[in-house]
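Me: I would like to learn how to read a protein model, one feature at a time. Can we go through one together?

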Amino acid sequence: MPAGYAQCRYTHYLTKTKNMTLIFRCISLLTVPLILLIGCDYQKTPSNNIQTTSKLESLADTSAQKTALSYFEWRYLDYDDFQRPLFSDLDYWFKDNNEEIKNTLEVAEVLSADDIALALIRYSVGSNIFRDAVWLRKYNGKWTVSSNQYFSTYDDDPFKDGNPERAEEIIDKEDEWTENSSEKF
């Protein structure tokens, strides 16, 4: 190998690296302002018709009956408002029978125990009558759908309100109500 060959390669490498670094700096200095300029539209003004309360938040009502109906319609019958994914046979069944269910949907009775209530819901498709139940809980003066949709009569005080007999009656009424429902499939 000739003398100075290694020094020459090293110098060539440094020159090449400096040139590449300079090129990348120039590119980044030019593209960052360009991206910021394109990404920011100073002409846009915020919309005045922004909804601050979503549909889910507005389901709660001071009436247990209205809350139960709103929840049932949202959960099973609102296919027009948003793209609802259909995961189960029950979803397809409700979608196929949507109009008839909406026309016959009613809250037959609301059984209340202080801050907990049970809404007994009835609707029909053809000659079949279907019965469902929705548990509600009073929260900040409004009836909301309870995250606990199951209460056991085996619990000493199912509603934790000091009145286990009343709780048992309401739970038994739910069981009796839903057992008398037609089968969906």
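Me: In which strand is Lys-142 found?
Reply: This is a predicted model. Lys-142 is found in strand 4.

Me: Is Lys-142 buried, exposed or partly exposed?
Reply: Lys-142 has a relative accessible area of 41%. Residues under 20% count as buried and those over 50% as exposed, so Lys-142 is partly exposed.

Me: How far apart are Lys-142 and Thr-62 in sequence and in space?
Reply: In sequence they are 80 residues apart. In space, Lys-142 and Thr-62 are 4.5 Å apart, C-alpha to C-alpha.

Me: How do I read the sheet, and in what order do the strands come?
Reply: The general idea is that strands of a sheet pair through backbone hydrogen bonds, either parallel or antiparallel. Here four strands form an open sheet in the order 1-2-3-4, with antiparallel pairing. Strand 1 (106-113) and strand 4 (142-145) are the edge strands, each pairing on one side only. From one strand to the next, the twist averages 30°.

Me: How many bridges join strand 1 to strand 2?
Reply: Strand 1 and strand 2 (residues 116-125) run antiparallel and are joined by seven bridges.

Me: Is Asn-140 buried or exposed?
Reply: The relative accessibility of Asn-140 is 69%, so Asn-140 counts as exposed.

Me: How do I read aromatic pairs, and how many are there in the whole structure?
Reply: A pair of aromatic rings is described by the distance of the centres and the angle of the planes. A search of the whole structure finds 12 aromatic pairs. One of them is Phe-72 with Tyr-123, at 5.3 Å centre to centre and 45° between the planes, which is a tilted pair. This pair links distant parts of the chain, with Phe-72 in helix 2 (residues 64-77) and Tyr-123 in strand 2, 51 residues apart. Both Phe-72 and Tyr-123 are buried.

Me: Why is the pair of Trp-93 and Phe-94 edge-to-face?
Reply: The planes of Trp-93 and Phe-94 are at 80°, so the pair is edge-to-face; the ring centres are 5.1 Å apart. Trp-93 counts as buried at 11% relative accessibility, and Phe-94 counts as buried at 1%.

Me: Which residues do ring pairs link into a cluster?
Reply: The cluster holds Phe-72, Tyr-76, Trp-93, Phe-94, Tyr-123 and Phe-130.

Me: Which residue lies over the face of Trp-177?
Reply: Arg-131 does, at 5.0 Å from the ring centre.

Me: How many residues has helix 2, and which of them are buried?
Reply: Helix 2 has 14 residues and reaches 19 Å from its first C-alpha to its last, close to the 20 Å expected. Its buried residues include Ala-64, Thr-67, Ala-68 and Tyr-71. Among the elements covering the buried residues of helix 2 are helix 3 (89-96), helix 4 (98-104) and strand 1.

Technical notes. Residues are numbered from 1 along each chain as its sequence is written. This is a predicted model: local features need pLDDT of at least 70, side-chain atom pairs count only at pLDDT 80 or more; totals for chains, interfaces and linings use all residues. Side-chain values use heavy atoms; hydrogens and water are left out. Two strands pair if DSSP finds at least two bridges between them. Helices (H or I, at least four residues) and strands (E, at least two) are DSSP runs, numbered from the N terminus. Axes are lines fitted to C-alpha atoms, for helices over the stretch in contact, and angles run from 0 to 180 degrees between N-to-C directions. Buried means under 20% relative accessible area, exposed over 50%, partly exposed in between (1.4 Å probe, protein chains only). Rings of Phe, Tyr and Trp (its six-membered ring) pair if their centres lie within 6.5 Å; planes under 30 degrees apart count as stacked, over 60 as edge-to-face and the rest as tilted. A charge sits over a ring if NZ of Lys or CZ of Arg is within 6 Å of the ring centre and within 35 degrees of the ring normal. The expected span of a helix is 1.5 Å times one less than its number of residues. Contact means heavy atoms within 4.5 Å.
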